[in-house]
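Here are my notes from going through this one, point by point. Have a look at the model before reading on.

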Amino acid sequence: MSLARTWSVALDGVTGHLVQVEAHLAGGLPGTLVIGLGDAAVYQARDRVRAAVINSGHKWPDLRITLALSPAALPKKGAGFDLALAIAVLEAAEVVPRGRAGDTVLIGELGLDGGIRPVRGVLPLLLAARASGRRRAIVPLANLTEAALSGLDVQGVAELADLLAHLNGESDRLVDCPPVPVPRPPRIADMSEVLGQPEARAALEVAAAGGHHLAMIGPPGSGKTMLATRLPGLLPGLDAAQSLEVTAVHSVAGGLDDETPLITRPPFVDPHHTASLAAVIGGGSSLIRPGSVSLAHRGVLFMDEAPEFKPTVLDGLRQPLESGGVMLARASGAVRFPARFQLVIAANPCPCAAARDVDCTCASGIRRRYLSRISGPLLDRIDIRVDIPPLDPASLTQSAEKPEASAPIAERVLVARERAAYRWRSTPWRLNAEAPGPVVRRQWRAGRSETELVERAVRTGRLTGRGFDRVLRLALTSADLAGREIPNRGDVGRALALRCGEGL
Ligand SMILES: [Zn+2]
């Protein structure tokens with residue numbers, strides 16, 4: 001009878017948990033048993049691991065083998081435990097000296113031929129290992145660049161045979177961590193390419209400064225997509241902690257670029273309107289994948305032709321907009337992914353998408369109902385609505401001045417955000433858009449003249465009661481951009497126009 005232990009990490013959403021793998025060899029009827037709340041892929045591990053060991057030139061012990069993954073209560077998904085299982089068995093069988101792998105965390109899926117395949121989520125797995133005090137890890141060679149971001153002492157390995165040779169001190173074909181690549185700034189389209197549309201440009205700047213969700217209503221070709229794709233270029237870069245957080249989500253989704261694995265800029269994600277609920281919100285049958293809402297975490301989620309999305313998808317946005325995350329149900333419990341994004345939606349005024357109102361062929365009822373598809377769940381949470389007119393051809397040819405570039409706008413946005421962060425310094429919020437209505441009203445008691453302006457808008461039906469707080473929030477952002485501590489009547493007027501889609 002003999003026992004050996006190795007270490008690996010299980011992934012739950014974007015959070016890793018250290019897992020101990022034990023192999024127990026005993027006499028009796030030969031066979032292999034895996035215990036410890038694994039999914040089908042974990043239970044199939046015994047066949048994969050056995051084939052991989054044999055094809056790496058070693059004998060599979062002809063004994064009764066019990067493999068246990070603990071803590072047992074923690075659900076374990078996928079094939080990433082293969083390597084730790086294989087080494088535990090081979091240490092117990094003394095093919096490798098007992099205890100040689102020690103505290104090293106082992107991550108990797110085995111092919112039947114003994115090749116080590118990459119796994120998803122290596123970064124959050126290793127960050128968890130590091131948080132649990134581990135200092136060293138061995139990962140699939142294909143995951144090594146991403147693994148370097150974890151700050152652990154990591155090596156990559158391509159074949160089980162290479163790892164066994166390393167543990168036996170025979171030869172060393174493990175690959176050391178490359179230096180963390182310096183992130184290349186991604187090419188973001190620039191505001192200097194956007195001609196005309198002064199109201200929309202101003203609305204985008206306010207949205208960037210206050211973190212406000214934005215709706216753009218206008219005919220095709222008016223520049224809605226051009227504007228939306230330029231929003232990330234107006235936002236500040238991610239700090240070190242945010243970078244790791246965002247990169248971890250993309251690591252779980254399996255979408256990291258090997259040349260610049262660390263994401264340092266706010267992501268921009270634009271699902272197509274035919275996308276499924278699982279694609280946008282997250283889900284999947286065996287391994288749950290983060291959806292667009294999570295890939296857009298700390299960045300921008302752009303939904304073009306928003307009324308064309310499935311109602312279930314639009315409805316599914318409610319939870320992340322409220323809580324900054326999504327809970328996805330699965331058989332073994334719920335998984336949470338972060339999803340705190342800035343929402344930009346664009347819509348044509350009607351389904352026929354005529355370039356000018358006079359060309360519209362829609363019945364008036366259909367035209368009216370079209371935008372109401374997004375009104376319930378979404379428009380209520382969106383601070384800014386901007387109606388974008390068809391592009392005026394004169395603005396393209398006659399304007400002598402080149403439109404302002406992104407850089408100076410981003411600078412103003414940064415200063416305004418610093419003002420807002422200072423205002424909310426003793427609260428959990430940093431952006432005006434995050435602060436709840438009652439808190440905004442407590443923080444800033446609007447003067448008589450300002451309050452009167454908003455109340456008149458409510459009385460005349462221009463603004464709904466629920467829009468009141470949104471106007472106050474927008475007025476704060478308008479003041480932040482203007483360098484005023486307290487909004488004045490002009491800021492409130494500007495906020496009303498932004499809320500009601502009337503331009504500035
Ligand atoms: Zn129409």
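**Notes on the model**

1. G28 is exposed, at a relative accessible area of 57%. For the labels here, buried means under 20% relative accessible area, exposed over 50%, and partly exposed in between, with a 1.4 Å probe and protein chains only. G28 sits in the loop between β2 (15-26) and β3 (31-35), and its C-alpha atom is 39 Å from that of A142, 114 residues apart along the chain.

2. Before going further: this is a predicted model, with local features needing pLDDT of at least 70 and side-chain atom pairs pLDDT 80 or more, while totals for chains, interfaces and linings use all residues. Residues are numbered from 1 along each chain as its sequence is written, and side-chain values use heavy atoms, leaving out hydrogens and water.

3. Helix α3 (residues 82-92) has 11 of its 11 residues buried, so the rest of the structure largely encloses it. Among them are D82 and E91. Helices (H or I, at least four residues) and strands (E, at least two) are DSSP runs, numbered from the N terminus. After α3 comes E94, with a positive phi near 60°.

4. The zinc ion is held by the SG atoms of C350, C352, C360 and C362, at 2.1 to 2.4 Å. Donors are N, O and S atoms within 2.8 Å of the metal (3.2 Å for Na, K and Ca); water is not among the atoms, so sites may look incomplete. The sequence spacing is C-x1-C-x7-C-x1-C. C352 and C362 both lie in the loop between β18 (342-347) and α14 (364-375), so this pair ties together parts 10 residues apart in sequence.

5. C352 is partly exposed at 30% relative accessibility, whereas C362 is buried at 19%.
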